[in-house]
Every structure is written in structure tokens, then in C-alpha cells.
Amino acid sequence: MSTKKFMYVNRKAPYGTVYALESLEVVLIGAAFEQDVSLCFVGDGVYQIAKNQKTDGIGMKNFSPTFKALGDYEVNKLYVEKESLEARGLTLDDLMDLTWEDEDDDYAEKPSIRLVSSAELAEVLDEQDVVLSF
Amino acid sequence: MSTLHTVNKSPFERDSLSSCIRLAKKGSAILLIEDGVFGAMTGTDHSAMVQDAMKNASFYVLGPDLAARGMSEDRVIDGIQVVDYSGFVDLTKQHDTCQSWL
């Protein structure tokens, strides 16, 4: 089976709707098929990877730690649109520290998040074979 | 007659908050809940609209919904009061009617 480039586009905030959780579950299922997987966070989607999510008060499962596991499934290209962050008064510091270990580089820990402009993200989206929207 | 308005949609995704602000009478209370809490944060494209609306309405935001989304209370717009669930109940008691901007 040939490898395809899969992009998961995340545009919804977590908890208010089920899209964010569903996307993450599909990413994890898809990771088993050893494809070239990328995620991008656009619009309210950037809130999905915000630091310090504490859901005890709303009685829902905090699924944000699951993003930290993506690196172990070789899902390590997480594109964040700079313009979306800025519109929300956020910076990279407000996002979780998401990393992966590069086995070709003595298991060096490398950042998974790639901050990109809209124009750069448009290029990345254009390269994909399959785009899944959430 | 006083009304408590609740807004549960992100201002970036829907126009619920701007419609609420436009149509709420002076002296109303506006409570931001669920994804609506993003409207309470400083430094966003919608902060100025909310700050302007605070001249006419008192604003509240639900603390547990902020915490779930990793939004710090320190970065809530000055003058917006953070309430918990019992504060939500108190607000419903203090007003004659409640309007939900779904």
C-alpha cells in the first residue's frame, strides 16, 4: 500500500461540541495505518491545544493530554495558524508543549508544533492527498 | 423588567454574542458559558466590542468553563465577574427572565 499524505483540519474549540474529541480519535485510529499524517489548528481549533485545561468543574473528560501521545504514533506535524492565534490574543506560550522523539537523531526531543502563516498553511494543505475536516 | 442573557457560542464562530449585545436592553446581565467564555478574554479581536458593551450591561463568565478550556481568570477582561454554578443560579434568581442565545 502506498503512503498518502493525510491532513486533519481542526477548526472547533474543545468541549462545547464533540468535533475536537472525534477528530483526535480518528487521528489515533488512522495512525495505525502508517500514513504521512499532519494536523492543523485553524480558527477556534487552536483552543484544543491550549495549556492548563482543567475539566473537573464541568464533568467532562480532559482529553488534551492525549495530544502529547501523538508523537509516539509518529504524528509530529502539528501546524498552528499564526493569524488564528493572534486574533485570540494567544501566543505559542499559551499552547501545550508537544514534542516527539526523533529516532534518527539519538531520540532527540523535538517540537511537534509548527507555527505557520495562512499563506504557508495554504501551501501545506495544497500538498495533501486526503484532507479530513473537523 | 430585567433579563439574564446567556451566550454559549464562541464569538469567533457565531454571531450570538454580537446579536445579544445589540439587542440586550440597558441594565441587562450577560453571562458567558461553554464556548461563549472566549468572549470574556483580553487581547482578542472581540475584546473591544465586549468592553464597549459593558457600559450598558453587566458581564459575567462561568469559571468552570474557563478552567476546562485552559483560559486563565487573570486574562478575563477587567470588570467581568467570574461566577461558579451557584453564582449562575443566583443570577437567574436576580432577574425576571432568562434568554439563551443559542
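Predicted model: local features only at pLDDT ≥ 70, side-chain atom pairs only at ≥ 80, totals over all residues.
Q: Why is the pair of A:Tyr47 and B:Phe38 called stacked?
A: Rings of Phe, Tyr and Trp (its six-membered ring) pair if their centres lie within 6.5 Å, with planes under 30 degrees apart counted as stacked, over 60 as edge-to-face and the rest as tilted. Here the centres are 3.5 Å apart and the planes at 5°, so the pair of A:Tyr47 and B:Phe38 is stacked.

Q: Why is the pair of A:Tyr15 and A:Phe63 called tilted?
A: The ring centres of A:Tyr15 and A:Phe63 are 5.1 Å apart and the planes stand at 50°, so this pair is tilted. Both residues are buried.

Q: What makes B:Arg75 and A:Asp94 a salt bridge?
A: A side-chain nitrogen of Lys or Arg must lie within 4 Å of a carboxyl oxygen of Asp or Glu. The N to O distance for B:Arg75 and A:Asp94 is 2.7 Å, and the rule finds one salt bridge across the interface of chain B and chain A.

Q: How many residues does each chain bring to the contact?
A: Chain B gives 17 residues and chain A gives 22, with contact meaning heavy atoms within 4.5 Å.

Q: How do you know which residues and atoms count?
A: Local features need pLDDT of at least 70 and side-chain atom pairs pLDDT 80 or more, while totals for chains, interfaces and linings use all residues. Side-chain values use heavy atoms, without hydrogens and water, residues are numbered from 1 along each chain as its sequence is written, and chains are lettered from A and ligands numbered from 1 in the order in which they are written.

How values were computed. Buried < 20%, exposed > 50% of the residue type's maximum accessible area, 1.4 Å probe, protein only.
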